[in-house]
Each structure stands twice: as structure tokens, then as C-alpha cells.
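Here is a short report on one protein model. It moves from the overall fold to side-chain contacts.

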Amino acid sequence: PLALLAGGFWFSAAVSNAYTSSIALRRPSGPLLISAATAVLYVPLMYGMVRTWGVNGAAGAWLVLNACYVVTIIPFVHWKVLRIAVAPWFLTNLIPFACLGLLTFGLSRALLALCGPSGIAAEVVTLVAAAATYSLLGYTLLGETLKTGLQDILRRRRLGLNP
């Protein structure tokens with residue numbers, strides 16, 4: 001269930017900037033209507049999935065809900081509020097990082113299941129290695145503006161300019 005919840009929260013984070021932009025630009029009606037409509041569908045989905053799969057069903061319903069927000073709220077905000085194309089955002093900000101996450105964490109999990117030692121220590125080491133790999137490779141996928149900003153933050157921390 002934790003992997004499903006992590007995916008749901010990842011999708012939720014992907015939607016948060018679009019939702020916040022809509023609110024900041026005083027156009028909350030679209031995301032609000034989408035949220036209300038998905039709530040009507042989410043309640044029976046959650047009920048059925050929990051009855052069928054228990055805690056895994058609850059986590060899966062959360063994942064489905066937030067995946068639906070990705071394919072509804074993000075396009076709505078891009079087209080109707082920001083008036084920009086949504087495809088470039090998906091191609092540069094969502095899909096590469098999703099693929100990288102599936103690759104690094106999925107491959108780590110598969111390798112651990114196939115040939116790794118069992119136990120919590122092995123799982124923690126594998127998780128830390130996957131997270132480090134994701135972070136390092138994910139940095140290469142960032143745009144130059146974000147890379148420069150991160151470098152500036154790290155430089156300030158090293159010099160003691162930021163608490």
C-alpha cells in the first residue's frame with residue numbers, strides 16, 4: 001500500500017502547481033468543479049476497492065483519484081486559465097520523471113526480489129540507493145533555471161548565508 005500511496009502523492013504534487021495557479025489567478029471554479037465531480041466518483045470507488053482489497057484498495061483508490069486530477073485539472077488550467085499548451089509540460093515535467101521513478105525504484109525492487117537478501121536492512125539500503133540514483137539522474141532532467149537555482153541554494157548554505 002505504501003507504494004500506491006507514494007504514487008498517489010506524487011500525482012497530487014504534480015497537480016498542486018496547476019491548482020495553486022488557478023486559485024492565484026482567481027479562476028478556482030474549474031478545478032473546484034472537477035474536484036466535486038471526482039468526489040462523486042471517488043466515494044463508491046473507494047468503498048468498492050476497500051471492500052475488495054482492504055488497505056491496498058484504499059491506497060489504489062487514492063492513486064486513481066490523483067491520476068484523474070493529472071489528466072483533468074492540469075489540462076484545464078493550462079488551456080483555460082494559463083492559455084498555454086499542456087503537451088510540452090507533460091513531455092518535460094511529468095513523463096521523464098515518472099519514467100525515471102519507475103525505472104529506478106522498479107528496477108531496485110525487482111533486483112531485491114530476485115537476488116537480494118531479505119530483511120529490513122536490505123530493503124532500507126535498496127531504498128536509499130534508489131532514492132540517490134533518482135535524485136542524481138533527476139537532476140540531469142531539470143531545466144537550466146532550476147539547476148541554477150539549486151546550485152545557488154547549495155552555494156549559500158555552504159557559505160552560511162542561509163540559516
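## A charge over a ring

A charge sits over a ring if NZ of Lys or CZ of Arg is within 6 Å of the ring centre and within 35 degrees of the ring normal. Lys147 meets this test: its charged end sits over the ring of Tyr139, 5.5 Å from the centre.

## Basis of the model

This is a predicted model, in which local features need pLDDT of at least 70 and side-chain atom pairs count only at pLDDT 80 or more, while totals for chains, interfaces and linings use all residues. Residues are numbered from 1 along each chain as its sequence is written, and side-chain values use heavy atoms, leaving out hydrogens and water.

## Overall fold

The protein chain has 6 helices and 0 strands. Helices (H or I, at least four residues) and strands (E, at least two) are DSSP runs, numbered from the N terminus. The order of elements is α-α-α-α-α-α. The C-alpha trace spans about 50 × 50 × 30 Å along its principal axes.

Of the 163 residues, 25% count as buried. Buried means under 20% relative accessible area, exposed over 50%, and partly exposed in between (1.4 Å probe, protein chains only).

## Nonpolar core

A nonpolar core is a set of buried Ala, Val, Leu, Ile, Met, Phe, Trp, Tyr and Cys residues joined through side-chain atoms within 4.5 Å. The largest one has 17 residues. Val15, Tyr69, Val70, Ile73, Ile74 and Phe90 touch the most other members. H1, helix H2 (29-53), H3 and H4 each supply at least two residues of this core. H3 gives the most, with 8 residues.

## Aromatic pairs

Rings of Phe, Tyr and Trp (its six-membered ring) pair if their centres lie within 6.5 Å; planes under 30 degrees apart count as stacked, over 60 as edge-to-face and the rest as tilted. The whole structure holds 4 such pairs. One of them joins Phe9 and Trp62: it is tilted, at 5.1 Å centre to centre and 50° between the planes. Phe9 lies in helix H1 (residues 2-24) and Trp62 in helix H3, so the pair ties together parts 53 residues apart in sequence. Trp62 is partly exposed, at 23% relative accessible area.

A salt bridge is a side-chain nitrogen of Lys or Arg within 4 Å of a carboxyl oxygen of Asp or Glu. The search of the whole structure finds 3. Glu144 and Lys147 form one of them (3.7 Å, N to O). Both lie in helix H6 (residues 144-159), 3 residues apart, about one turn. Glu144 is exposed at 58% relative accessibility, whereas Lys147 is buried at 15%.

Asp152 bridges to Arg155 (3.6 Å, N to O). Asp152 also bridges to Arg156, with the closest N and O atoms 3.6 Å apart. Shared partners join Asp152, Arg155 and Arg156 into one network. Arg155 is partly exposed at 41%, as is Asp152 at 30%.

## Loops and surface

Two residues other than glycine have positive phi. Arg26, in the loop between H1 and H2, has phi near 60°. Arg83, in the loop between H3 and H4, also has phi near 60°. Arg26 is exposed at 74% relative accessibility, and Arg83 is exposed at 63%.

Ile84 lies in the loop between helix H3 (55-81) and helix H4 (87-115). Ile84 is partly exposed, at 42% relative accessibility.
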